[in-house]
Amino acid sequence: MSNPIIKLSDYQPPAWLISQVELTFVINENRTEVASQLHLKKNGDTQQVELDGEGLETLDVRISDQAVDYQIQDGRLSFTAPDDSFVLSTRVAIVPEENTFLEGLYKSQDMYCTQCEAEGFRRITWFIDRPDVLSIWSVTIDAPVALSTLLSNGNKISEQTQAGRRLVEWKDPHPKPSYLFALVAGNLVCRPDVFETQSGKLVDIKVYTRSSDATKVDFAIESIKAAMRWDESRFGREYDLDVFNVVAVSDFNMGAMENKGLNIFNTSCVLATPDVATDAAYERVEAIIGHEYFHNWSGNRVTCRDWFQLSLKEGFTVYRDAEFTSDLHSRAVKRIQDVSFLRTHQFAEDAGPTRHPVRPSEYEEISNFYTVTVYEKGAEVVGMLATLLGDNFRAASDQYFDTFDGQAVTCDDFVACMQGHTDRDLSLFKRWYEFAGTPKVKVTTKRSDQGLRATFTQSLEGCDVPLMIPLRVRPYDDQGQPTDEAQLLVLESFETQVEFAASCSLLSVNEGFSAPILLEYDLSDEQLLKMAEQCEDPFNQWDAVQTLVKQLWLDAYHEDDWSGVELVAGVLGKSLSRGFEDPAFTAEILSLPDSAQIMGLIDGAVDPLKLDQVGKQLHRYLGEKLSVHIHPLMAHLGAAPLYEPGGKQAGRRRLWQVLVGYLAAAADSAAGDMISRRFVGADNLTDRMASIHAAAKGAQTIQYLDSMLQVFYQDWQDEPLLVDQWFQVQACYGNLADIQSLLQHSDYSLSNPNRARSVLGPWARMNAEAFHGDGGYEAFAEVIDQIESINPQIAARLVLPLTQLARWTEPYQSRARSSLLALQGQCNSKDMAEILGKALDSI
């Protein structure tokens, strides 16, 4: 199918604005009626009014009690306005119970809830559904009295019951676009708390869940209060309503949604106890709660003018939530984890068929642009601005919030506020928003009369102008000692030369990953070892080890050359000797990169199965070499007497997981006993899942896996989030027959996004043999086809691993192409059509 292309260059301000919105929802089983009053005001030169709507049964359209002569075509209701300002009344009927797309108003088990970003509100009622139409909203919810919880945006104005019905009125005093509208109706349990702002205002915090989840939100509440305190301290932003409501929903396309005053969360991103959340999940809950709360200013009070500016709110807010986590925990570990994720996922996107700039210039379906480029690379762009401005970044952010409060603006407006606080010409910097791809910076050095001359050469495929690239650089001498402080070098030309002192022989470049680039700096093994052992920047210390590991992986893939194993094992062994000083950092040093990162370093087509097999062989060889170092440490990494998430305790658990993984991969005779004892004695999900994953990795430990999985399922089959974990671990390691059995399991469902992702995500991204092996693509595509008819947005995201076919050798590429062509012939959604079209055009 062919879809119209929406272009940034075609943007026009809305012809009509809506100053006030008054909605009334009358909720009944299998039929909800929505009455609206829209206060419209002319904003252009036409009397023609067009409203957006999808799947609506239109019952009435009136102006001043007079029926309107309207037309409906291609999802637009149009009519001629009688005046330059008027109140339009409409009434529609919808069926939330049948809404499997989970956009607009839908029913999740026994709860009604909404998801309106990006264009879901048009599934609720007729509206000018675009982010630059900001309105003051009043909402009345009329529902059966059995629905005890009726929530919407803003502050509650009134509540009453009559004739078996409950009526609740809400009003949001802050103007917002339709994508931030929210409604929840259900029989929920509230966990209340209170936060006192820096000005002394008391804010009611209320977290709503189903009764079975009510005891799992204590950590979420503490995270909300931590986020509120942090935003006041770091950005001077205070909460602006009387109440902050959070609702946990089990059927949700995204992680969470920042609706003004009523945040809606996927249960996986808000529920946390030692039994249902791993250490990583605890940190994820904290970060996502922070992210959605921080949107109150970077997204809600100041929102984006159009969807091309999506990174204006998402990139800035991801930067803010990363800073939040860094301030609360280890900044070095957080940075390493973020860059590892970026290199694995975003760099691959930059090199693939769906590559796009941080600010796209065109799209067919906006839901396809909620991507790692918009979010994570967008955050890196904001981070570079923070690096360039230094201490002035806070003042520039204040200017942005204060200048544009209550407005819908652009990435250019954001950069303009930054420009007011630096002497650098940021017009060059704005190219980061305009060009797709990952820039490369090549560093060469040679001796000169003054000392060491370094030449930095930048390039970006498809870009004929240089970018502004901030690089933190620190010089080192022959002994690996720093000769000066780190300096900020800002590249503004294709080639930049810098002179360093004569004592300098080695540079630590891009410290802290100050710019999201591919660095080409040809260091010897000896120099990399010095960086790994002596570099004062923890990120580049880690990255030096990663570089050695990647080079060994590449040598083994290309030439079957394993001569570097001793070298790599040696540097990892030295890291182990310092393991207990910072166990979380040591665990990152010892963790192998994802195979997607290795694929990105190879020119030309790649055999994905061979690449994965080489990685497993590398894991085994290193395990064999390191076992002599690992065994003495394991007794000191026993389970803590009382579980606490985070801190050194979490770091020690993570280190145990990495080390026992090496032993399992090496078929160490002691690994099985270590794993089974840890599993049996575990009082937390982190240790249970670490044991199961370790058991699946080794020839000697696989015998424990089935019994562990059986026990886990028997104990936790009534906990949906844990059943998701049970599916995930099997999809990571099972063969194709195993995965097909999972898809037929009575607990598996394609209609619940978490459950659908629990098998399809790890199957395609982490299980190379079951995905790339015979029948894998074909079976995967069949399931994607089934999901597409239920929830196109989820299908379009899950199919992405199959779109990387241009990187693969034959016969993988031809098999994947056939599967994608079959999908293209069957798909009916804009979401899938855009993704499949780009993938097939790439070969």
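**Cavity, pocket and backbone features of the predicted model**

The structure holds one cavity of 30 Å³ or more. A cavity is here a set of points, on a 1 Å grid over the protein atoms alone, where a 1.4 Å probe fits but cannot get out. The model is predicted, and local features need pLDDT of at least 70, side-chain atom pairs count only at pLDDT 80 or more, and totals for chains, interfaces and linings use all residues. Residues are numbered from 1 along each chain as its sequence is written, and side-chain values use heavy atoms, with hydrogens and water left out.

The largest cavity has a volume of about 30 Å³, a volume being the space filled by probe spheres set on grid points that are joined across faces, edges and corners. Its lining consists of Gln458, Ser459, Leu460, Cys463, Val465, Pro466, Leu467 and Phe494, where lining residues have an atom within 4 Å of a point. By class, this lining of the largest cavity comprises six nonpolar, two polar and no charged residues. In this scheme Ala, Val, Leu, Ile, Met, Phe, Trp, Tyr, Cys and Pro count as nonpolar, Asp, Glu, Lys and Arg as charged, and the others, Gly among them, as polar.

A pocket is an open set of points with protein on both sides within 12 Å along at least five of seven lines. The second largest pocket is lined by 47 residues, of which Ile6, Asp52, Arg76, Glu119 and Arg122 are the closest to its centre. Its lining divides into 19 nonpolar, eight polar and 20 charged residues. Strand S1 (6-7), strand S4 (48-52) and helix H26 (830-841) each supply at least two residues of this lining, and the largest share, four residues, comes from S4. Helices (H or I, at least four residues) and strands (E, at least two) are DSSP runs, numbered from the N terminus.

Two cis peptide bonds are described next. One joins Glu117 and Ala118, with omega about 5 degrees; Ala118 is found in the loop between strand S11 (111-115) and strand S12 (135-144). Another joins Glu810 and Pro811, again with omega about 5 degrees, and Pro811 lies in the loop between helix H24 (792-798) and helix H25 (812-826).

Positive phi values occur in residues other than glycine. Gln109, in the loop between strand S10 (104-108) and S11, has phi near 55 degrees. Gln109 is exposed, with a relative accessible area of 56%; exposed means over 50%, buried under 20% and partly exposed in between (1.4 Å probe, protein chains only). Asp560 has a positive phi of about 55 degrees and is located in the loop between helix H10 (538-559) and helix H11 (565-577). At 56% relative accessibility, Asp560 counts as exposed.

By contrast, Val61 in strand S5 (residues 57-63) is buried, at 3% relative accessibility. The C-alpha atoms of Val61 and Arg91, 30 residues apart along the chain, are separated by 6.7 Å.

The axes of helix H4 (residues 331-350) and helix H5 (residues 372-389) come within 10 Å and cross at roughly 135 degrees. H4 is therefore oblique to H5; angles under 35 degrees count as roughly parallel, over 145 as roughly antiparallel, 65 to 115 as roughly perpendicular and the rest as oblique. Axes are lines fitted to C-alpha atoms, for helices over the stretch in contact, and angles run from 0 to 180 degrees between N-to-C directions. H4 passes H5 in a left-handed crossing, that is, with the near helix turned anticlockwise from the far one by less than a right angle.
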